[in-house]
Amino acid sequence: MNMNIATICLLLLLASTANVAQSGVFDVQKYGAKPGQDISQALTKAWKEACAAGGTSKIVIPKTTYNLGSSTSLQGPCKGPMQIQLDGIVRAPANPHQLKTDGWLVIGRVDSFTLSGTGTLDGLGATSWKQNDCGKNSNCKLLATTLRLDFVTNGVIQGITFKDPKSFHINVLGCNKLKIQHVTITAPITSLNTDGIHIGRSNGITISDTTIGTGDDCISLGDGSKDVTIQRVKCGPGHGISIGSLGKYFNEQPVARIKVLDCTFTDTMNGVRIKTWPSSPSAGTADDITFKGLTMNKVGNPVIVDQAYCPYSQCKSQIPSRIKISNLMIDDVQGTSATREALKIICSKDEPCQNVKVSNINLSYLGAEGKAMSVCENVKPAVSGTQNPPICPRH
Ligand SMILES: *[C@@H]1O[C@H](CO)[C@@H](O)[C@H](O)[C@H]1NC(C)=O
């Protein structure tokens, strides 16, 4: 055979483009995923190969319905950035006991991870909400969170819908630099312990342009949450955006530099909240917190700092909290409160809140019992701008 230079070049070019197009894409169908069937094995195999491949690896879950029938843990470190393109609907088993760990889909120890697409993670949680008693029983068995991100750095979660989890929708632990954006989180108001996004011991987290309706906190920030910005989030139904609870356990890490900006709350139990337990076993701090540009639509407690948080009398409520709250700015909060106590700042007797600024509050109560009011303890805020209701009038 007699090939000229041009032909050889063309063949080389074709070979190399074919190579580039193939390398890096790991479609679960190639690993045995079939519509309507369980993809635990296919996804795990695809992840193993993708993780070992080097370069940017993209796992594709195409637009059809699959089951993910067991707790699936996808671990790093990987040789290159990892992406999951989720366009299909992935469903959990209805029976919560088929998931053997506290995570349904777990991503661990990956540097550079993206989960994006138009797909849905459906936790099929209705059965488990009936069995869950974690509100009242602190020794309850933790059911599986839909997505656990454990020690992920440089992560992005984008576009995905999270539906009806068995417990939390998303749990973020030990992560550094994570963006959650344009995500939809949905569960009924009656679902138990279905926090939207829980963050703990993590730095540099941004949650933006996201809609959360659920049966518990829309977003909750546990100890060790630092540099967290929550922006343009629509919350409701749900319990609102909460820092804490803090001060239940020994040696909790500080919470610092938290911003909640330009968010809307509709028919939620709370708007923005800081809650700390009385009789904390060790001292702790929550510092540099900004709540700004918030719209409240019939919210139970639009702004609430509660340092005597003690549900179901699980604590010695007469011993003041040892969590120190400082540098708290509350600015530009408008709308309607579903209770008279539109603004409540109850600080610890032992650790009065320090450097609290409250400005431009315009919250009205539409009920018959009277006008909106504020309730304050152990705090002397600097007040400016609009004051409807009057802020901490006795100070
Ligand atoms: C407070 O809100 C009410 C109702 O939205 C509005 O009519 C009023 O102008 C607002 N006041 C100020 C000072 O912004």
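A search of the whole structure, which is a predicted model, finds 13 salt bridges, a salt bridge being a side-chain nitrogen of Lys or Arg within 4 Å of a carboxyl oxygen of Asp or Glu. Because the model is predicted, local features need pLDDT of at least 70 and side-chain atom pairs count only at pLDDT 80 or more, whereas totals for chains, interfaces and linings use all residues. Residues are numbered from 1 along each chain as its sequence is written, and side-chain values use heavy atoms, with hydrogens and water left out.

One of these salt bridges joins Asp102 to Arg148, with the closest N and O atoms 3.1 Å apart. The pair links distant parts of the chain, 46 residues apart, since Asp102 is in the loop between strand E6 (89–91) and strand E7 (103–108) while Arg148 is in strand E10 (residues 145–150); helices (H or I, at least four residues) and strands (E, at least two) are DSSP runs, numbered from the N terminus. Asp102 is partly exposed, with a relative accessible area of 31%, whereas Arg148 counts as buried at 13%; here buried means under 20% relative accessible area, exposed over 50%, and partly exposed in between, with a 1.4 Å probe and protein chains only. Asp102 and Arg148 also belong, together with Asp150, to a network of salt bridges.

A further salt bridge is formed by Lys163 and Asp122, whose closest N and O atoms are 3.8 Å apart. Lys163 lies in strand E12 (residues 161–163) and Asp122 in strand E9, so the pair ties together parts that are 41 residues apart in sequence. Lys163 counts as partly exposed at 33% relative accessibility, while Asp122, at 10%, counts as buried. Strand E9 covers residues 120–122, and, leaving aside neighbours within four places in sequence, Asp122 is in contact (heavy atoms within 4.5 Å) with Val90, Arg91, Ala92, Trp104, Lys163 and Asp164.

In another salt bridge, the side chains of Asp217 and Arg273 meet at 3.5 Å, N to O. Asp217 lies in the loop between E17 and E18 and Arg273 in strand E23 (residues 270–276), so this pair ties together parts that are 56 residues apart in sequence. Both Asp217 and Arg273 are buried.

Turning to the cysteines, a disulfide is a covalent bond between the sulfur atoms of two cysteines. With a disulfide taken as a pair of cysteine sulfur atoms within 2.5 Å, the count comes to 4 disulfides. Among them is the link of Cys51 and Cys78, whose sulfur atoms are 2.2 Å apart and which is left-handed, with -105 degrees about the S-S bond. Cys51 lies in helix H2 (residues 40–53) and Cys78 in the loop between strand E4 (72–75) and strand E5 (82–86), so the pair ties together parts that are 27 residues apart in sequence. Cys51 is buried, with a relative accessible area of 10%, and Cys78 counts as buried at 18%.

Cys218 and Cys235 form another disulfide, their sulfur atoms 2.2 Å apart, and the torsion about the S-S bond is about 85 degrees, so this disulfide is right-handed. Cys218 is buried, and so is Cys235. For Cys376 and Cys392 the sulfur atoms are 1.9 Å apart, and the link is left-handed, with -70 degrees about the S-S bond. Cys376 is in strand E29 (residues 373–377) and Cys392 in the segment after strand E30 (382–388), 16 residues apart.

Cys175 is buried, with a relative accessible area of 3%. Cys263 is likewise in no disulfide, the nearest cysteine sulfur, that of Cys235, being 8.4 Å away.
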